[in-house]
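Thanks for making the time this morning. I would like to take one residue as a starting point and then step back to the whole chain.

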Amino acid sequence: MTFFEPLVQNLLLMFQDGSWWKLMTMWVIGGLLIFLAIKKEMEPSLLLPIGFGAILVNLPGLSDGLHNLTFLYDVGVKSQELLPLILFIGIGAMIDFGPLLSNPKLMLFGAAAQFGIFFTFAMASVCGFDLRDAASISIIGAADGPTSIVVAQELGSKYLPAIIVAAYSYMALVPIIQPPIIKLLTTKNERLIRMPYAPQSVSKLTRILFPILATVITGVIAPDSVELIGFLMFGNLIRECGVLNSLSETAQNVLANLVTLFLGITVAVGMKAEAFLTWQTLLILGLGLVAFVFDTAGGVVFAKFLNLFLKEKINPMIGAAGISAFPMSARIVHKLGREEDSQNFLLPHAIGVNVSGQVASVVAGGLMLHLVSGLL
């Protein structure tokens, strides 16, 4: 057998069975994700491996290959959900709950920004998706990839790969999608509102007790989310305990980045052309965008509503940071505030809302699991 014979055989097979356009389409999609990761620096640690993986699993003649990658996908994502849960430890170690603990009412904005999840659940049901798939699709709006994976897997959604790609793609597109929505829903005068920040010291004991109590309370209120919130809060406890600094740094950097890379390339196993290129995938991407838009709008509108009753007004832009894309969304809100008024410093408030959104999205995922399980 010459060097070129396998190449010729695979190419002939690809054109004979009519799959060539599907495979090439997936190569283009993979190339686009790689472009966005490198050129636009959009979530490169995730979009780059997903893009490369999408090309890898759609090469002709690989129907019986990639056994190790498939095994990692089955264990790490599909059946055991190990990678998303481990990633939550790294995310928890990154989060500073100080701004939220010094101003607990910011938690309300994180809750309000989950409106899009429940709105999209209803829309997806109307569009013909069953309850399991509709619930899984709706979580995309939180811009929380790990939670989307866990919910979709727990409910047994057959659209897991499309949901994962949509969730992480919209996370990467936060800087593009959120600003127009925020500006559309707010007036210039509202965007100019200053929110003085007088930092209150949060004791070490409070910082240590918070992840423990949050896990216990969430476990009582929404038992289905206890695994997610538990791993998140365990990562935060490693950060705040003060005796595991080296582990905290490892979790924030090495662990989080390594797991993200593995997650990205293993997720691509589910992006084989025959399963991914369907009208349902396009509909999921559209519904995910709807969820994301309404999550952002929910936080902003809630802040505007509160301003009807508050003497000291809130800049409604901070409500948009209630999604789970931490800390990207908070930085966007701060940047928009500085564009209107260079002396306006919204970052501490936006960070507080953003970390509350991280917790609220996990709780919303647990509530969705409980809701659907009760209806089935």
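So, in which helix is the place of Ile117? Keeping in mind that this is a predicted model, Ile117 falls in helix α8, which covers residues 115-126. With a relative accessible area of 0%, Ile117 is buried, because the cut-off for that word is under 20%.

Turning to what surrounds this side chain, and leaving aside neighbours within four places in sequence, Ile117 is in contact with Ser138, Ile139, Ala142, Asp295, Ala364 and Met368. There is also the pair Ile117 and Val290, whose C-alpha atoms are 9.2 Å apart in space although 173 residues separate the two in sequence.

The protein chain contains 20 helices and zero strands. Its radius of gyration is 22 Å, close to the 21 Å that the globule rule gives for 376 residues, so the protein chain is as compact as a globular protein of that length.

As for burial and surface, 51% of the 376 residues count as buried, while the protein chain exposes about 17000 Å², of which carbon and sulfur atoms supply 69%. Finally, on charge, there are 21 positive and 23 negative side chains, and the centres of these two sets lie 12 Å apart.

Technical notes: Residues numbered from 1 in each chain as written. Predicted model: local features only at pLDDT ≥ 70, side-chain atom pairs only at ≥ 80, totals over all residues. Heavy atoms only, no water. Helix = DSSP H or I, 4+ residues; strand = E, 2+ residues; numbered from the N terminus. Rg over C-alpha atoms; globule rule 2.2 N^0.38 Å. Buried < 20%, exposed > 50% of the residue type's maximum accessible area, 1.4 Å probe, protein only. Areas by Shrake-Rupley, 256 points an atom, 1.4 Å probe, with all protein chains shown as cover. Lys, Arg positive; Asp, Glu negative; His and termini not counted. Charge placed at Lys NZ, Arg CZ, Asp CG, Glu CD. Contact = heavy atoms within 4.5 Å.
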